[in-house]
Amino acid sequence: MQSIVVDPIGLDVPIQEVYPSFSERYFQPKYSINVDSKAGEDHCVLVHSNRICVVTLARNHPVISLCKTISKVNFQVTDKTNRRENVVQGKRKHGAQTLNPMSVLCVVECEDGSKYTVRSCVYGKLIEINENLVENPQLLLEKPDSDGYIAIVLPNLSTNEKFKTNLLSKEEYVKELEKLTIIEKN
């Protein structure tokens with residue numbers, strides 16, 4: 001009887017030095033550029049295939065690009081609206097605060113006195129805000145694509161595809177940044 005030599009499992013799989021993060025694997029980044037007509041204040045919406053959207057700051061946003069020290073993330077957006085009081089129940093998300101693309105999610109306050117308003121960029125229901133930012137606001141700077149997200153939003157079914165067309169893909173966003181760089185150099 002002849003013995004068969006079998007290679008150990010996994011030797012035929014190429015080894016990667018850097019593995020993509022969870023958000024890189026499962027979310028498609030979309031960008032809103034110059035929010036509130038303020039140059040450089042770009043937001044990123046990470047869109048999952050199940051429609052869930054994670055709102056965060058784009059890497060070009062001054063808080064991240066200038067490595068600002070964040071003193072506070074304030075979810076009290078008006079006298080009557082506190083995003084921390086958002087209570088969601090059931091599969092239809094009863095009680096969730098309704099958002100439009102210009103709805104304020106929070107105000108990021110930095111130690112140098114600057115303040116940045118973060119908008120939702122999406123029509124939908126606020127599922128949750130990142131409570132960890134209250135205790136550790138630097139997460140917004142250190143891990144914007146993961147632990148430093150701002151909010152999770154469930155877009156309306158009727159506007160799901162429409163909002164995606166109003167946001168830029170990663171490739172379109174990079175092209176816009178390159179245009180701005182060329183304009184600034186001239």
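Student: What should I know about the model and its numbering before I start?

Tutor: This is a predicted model, in which local features need pLDDT of at least 70 and side-chain atom pairs count only at pLDDT 80 or more, while totals for chains, interfaces and linings use all residues. Residues are numbered from 1 along each chain as its sequence is written, and side-chain values use heavy atoms, with hydrogens and water left out.

Student: Where in the chain is confidence lowest, and where is it highest?

Tutor: pLDDT is the predictor's confidence in each residue, from 0 to 100. The chain has a mean pLDDT of 89, and 92% of its residues reach 70 or more. Confidence is lowest in helix α5 (residues 160-166), with a mean of 74, and highest in β6, at 97. Helices (H or I, at least four residues) and strands (E, at least two) are DSSP runs, numbered from the N terminus.

Student: How do I read the sheet, and in what order do its strands come?

Tutor: Strands of a sheet pair through backbone hydrogen bonds, either parallel or antiparallel. Here two strands pair if DSSP finds at least two bridges between them. An open sheet is formed by 7 strands in the order β5-β8-β9-β3-β2-β1-β10, with antiparallel pairing. Its edge strands, β5 (98-99) and β10 (168-169), each pair on one side only. Within the sheet, β2 and β3 run antiparallel and are joined by 5 bridges. Cysteine 44 has threonine 56 in β3 as its bridge partner.

Student: Which strands does β6 pair with?

Tutor: β6 pairs with strand β4 (residues 70-74) in the antiparallel sense over 4 bridges. It also pairs with strand β7 (residues 115-119), again antiparallel, over 5 bridges. On the β7 side, valine 108 stands opposite tyrosine 116, and valine 104 has arginine 119 as its bridge partner. β6 and β7 form a hairpin with 4 residues between them, and glycine 113 in the turn has a positive phi of about 95 degrees.

Student: How many residues of β6 and of β7 are buried?

Tutor: Buried means under 20% relative accessible area, exposed over 50%, and partly exposed in between (1.4 Å probe, protein chains only). In strand β6 (residues 104-110), 7 of 7 residues are buried. In β7 the count is 4 of 5.

Student: Now the charged side chains. How many salt bridges does the structure hold?

Tutor: Side chains of opposite charge can pair when their charged atoms come close. A salt bridge is a side-chain nitrogen of Lys or Arg within 4 Å of a carboxyl oxygen of Asp or Glu. The structure holds 6 of them. One of these joins arginine 119 to aspartate 36, with the closest N and O atoms 3.0 Å apart. Arginine 119 lies in strand β7 and aspartate 36 in the loop between β1 (27-32) and β2 (43-48), so the pair ties together parts that are 83 residues apart in sequence.

Student: Is arginine 119 buried or exposed, and what surrounds it?

Tutor: Arginine 119 is buried, at 15% relative accessible area, whereas aspartate 36 is partly exposed, at 23%. Contact means heavy atoms within 4.5 Å. Leaving aside neighbours within four places in sequence, arginine 119 is in contact with residues including Val35, Asp36, His43, Val55 and Met102. A polar atom of the arginine 119 side chain lies 2.6 Å from the backbone oxygen of methionine 102.

Student: Which parts of the chain does the salt bridge of arginine 59 link?

Tutor: The side chain of arginine 59 meets that of aspartate 145 in a salt bridge (2.9 Å, N to O). Arginine 59 is in the loop between β3 (53-57) and α2 (62-65), and aspartate 145 is in the loop between α4 (139-142) and β9 (151-155), 86 residues apart. Arginine 59 is exposed, at 51%, and aspartate 145 is partly exposed, at 30%.

Student: What does aspartate 112 pair with?

Tutor: Aspartate 112 forms a salt bridge with lysine 68 (2.8 Å, N to O). Aspartate 112 sits in the loop between β6 and β7, and lysine 68 in the loop between α2 and β4, 44 residues apart. Aspartate 112 is exposed, with a relative accessible area of 54%, but lysine 68 is buried, at 13%.

Notes:
Polar contact = N/O pair within 3.5 Å; in protein donor to acceptor, adjacent residues only side chain to side chain.
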